Amino acid sequence: MSPTPAPRPSRIIRAGGALVWRPLNEGGGKGSDQENQPLSENQIEVLIVHRPRYDDWSWPKGKSEPGEHILSAAVREVEEETGLPIRLECPLLTQRYRLGSGQTKEVYYWIGRAEVAPGALLTRPPVARASSREIDEVRWVKATRARKLLTRRGDRRLLDDLISKLHNQQLETRTVILTRHGKAQSRDRWDGPDHERPLNRVGATQSLDLVELFSSYGINQLASSPYRRCLTTLAPYQGLAELAIEELPQLGEDEAAENPAQVSATLSELIAKPGEPTVVCFHRPTQKDLVAALEEAADTPTRRTLKNQAEELKTAEMLVAHIAYPNGKPQIISVEKHRPRKLV
C-alpha cells in the first residue's frame with residue numbers, strides 16, 4: 001500500500017495587522033471627539049515594531065490561526081507584539097506578495113486604536129506577549145520618523161493611506177455594524193407569536209461566533225429589534241461585556257412593515273453624531289431601508305461599494321460601516337462585510 005500523501009499547504013496565507021495611532025495633544029483626537037481631531041502628521045504618533053529575525057521595522061501583524069477569523073487575528077497579533085489591546089476601525093490597503101514556498105500571503109490591515117471599552121475587553125481571551133526573539137522593540141513615533149524607519153515600501157504606502165485620511169478629516173471614525181439575526185426556528189414549526197420565535201441550534205452557534213467579531217471592533221453599544229431572535233443573537237456578547245441592549249420597537253418585523261420610513265429614520269438618527277462603536281440587530285425585510293440610510297450618508301465611491309456589499313445578508317452576517325464627521329456631518333467612508341464561521 002502506498003503511503004498517504006502529505007496534505008498540500010494552502011496556497012493563500014492570511015494575516016492581519018493594524019496601524020495603531022494616538023494623538024500627541026492630550027486635549028484632541030480622543031475617542032469620538034471630532035471637533036478636536038488631529039489634522040497634521042505632527043499631531044499624531046504611530047506604533048511600529050522591530051523584528052530581530054529580519055532586522056526590520058514594520059507594523060504589528062501576524063498569521064491567523066486555524067479557524068480564527070481575520071478580525072480576531074489582527075487584534076490578537078497586535079496585542080501579542082505590542083502588549084496593547086486595540087479595537088479596529090477603518091480598513092486600509094491589503095498587501096499581497098509571493099513567499100519563497102510559492103504560497104501567496106495576504107495581509108489585511110485596519111486603523112487601530114488603543115482605546116477599548118472595559119466591556120469589550122471582558123469578551124476577549126488572555127493574550128501571551130510575543131518573545132523578544134520575535135519582537136525586541138516597540139516604539140511610538142511621529143509619522144515622519146516612521147516613514148524613515150519602516151523597511152518595506154508597502155508599509156510606507158500604508159502609512160500614506162493613513163495620513164491621507166488624516167488630511168481629509170477621516171482618521172476619527174465611528175463604527176456601526178448592521179447584523180442580521182441568527183438562524184431562527186422555522187415559521188412552519190413554531191406555534192407561538194412570531195416575536196417570540198427563537199433561534200435554532202445553528203443560530204445559537206452563530207450568536208456565540210459573533211462575540212469575537214463584535215469584540216474586534218470594541219463594540220460598546222447594542223441596539224436591536226425587540227423580537228426574541230434578534231435579542232438572543234446579541235445575548236452572548238451582551239452578557240460577557242455587561243452591556244444593556246437598547247430595544248427599538250420600530251425595527252420589529254411587523255412594525256417596520258407598517259411604517260418602513262421609520263426604519264431608515266431610526267438609523268439616520270443613530271449615525272447622525274459621533275458615538276460609541278455600535279451594533280444594530282435587524283430582520284431581513286428591514287435591510288433595504290437600513291441600507292438606504294447608509295447610502296444617503298455615503299460618499300460616492302463608498303456608495304458604489306455599499307450597493308455591492310449590501311446584497312441580502314445571510315443570517316448573522318455583518319455589514320460594517322465606518323463613519324467620519326467632516327464639518328460635523330456623517331460621511332460613510334468605508335464598508336466591510338464579515339460573517340461568523342457558522343453561516344446559513
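Because seven of its seven residues are buried, S13 is largely enclosed by the rest of the structure. Strands here are DSSP runs of E with at least two residues, numbered from the N terminus. Please keep in mind that this is a predicted model, where local features need pLDDT of at least 70, side-chain atom pairs count only at pLDDT 80 or more, and totals for chains, interfaces and linings use all residues. Residues are numbered from 1 along each chain as its sequence is written, and side-chain values use heavy atoms, leaving out hydrogens and water.

Now let us look at the partners of S13. It pairs with S9 in the antiparallel sense over six bridges (pairing requires at least two DSSP bridges between two strands), and Val320 in S13 is the bridge partner of Ile177. Six residues lie between the strands in the hairpin of S13 and S14, where Asn327 takes a positive phi near 60 degrees.

From S9 we can follow one side chain. Arg180 belongs to this strand (residues 174–180) and is buried, with a relative accessible area of 13%. A polar atom of the Arg180 side chain lies 2.6 Å from the backbone oxygen of Leu313.

Conventions. Helices (H or I, at least four residues) and strands (E, at least two) are DSSP runs, numbered from the N terminus. Buried means under 20% relative accessible area, exposed over 50%, partly exposed in between (1.4 Å probe, protein chains only). A polar contact is a pair of N or O atoms within 3.5 Å; within protein, one must be able to donate a hydrogen and the other to accept it, and residues adjacent in sequence count only if both atoms are side-chain atoms.
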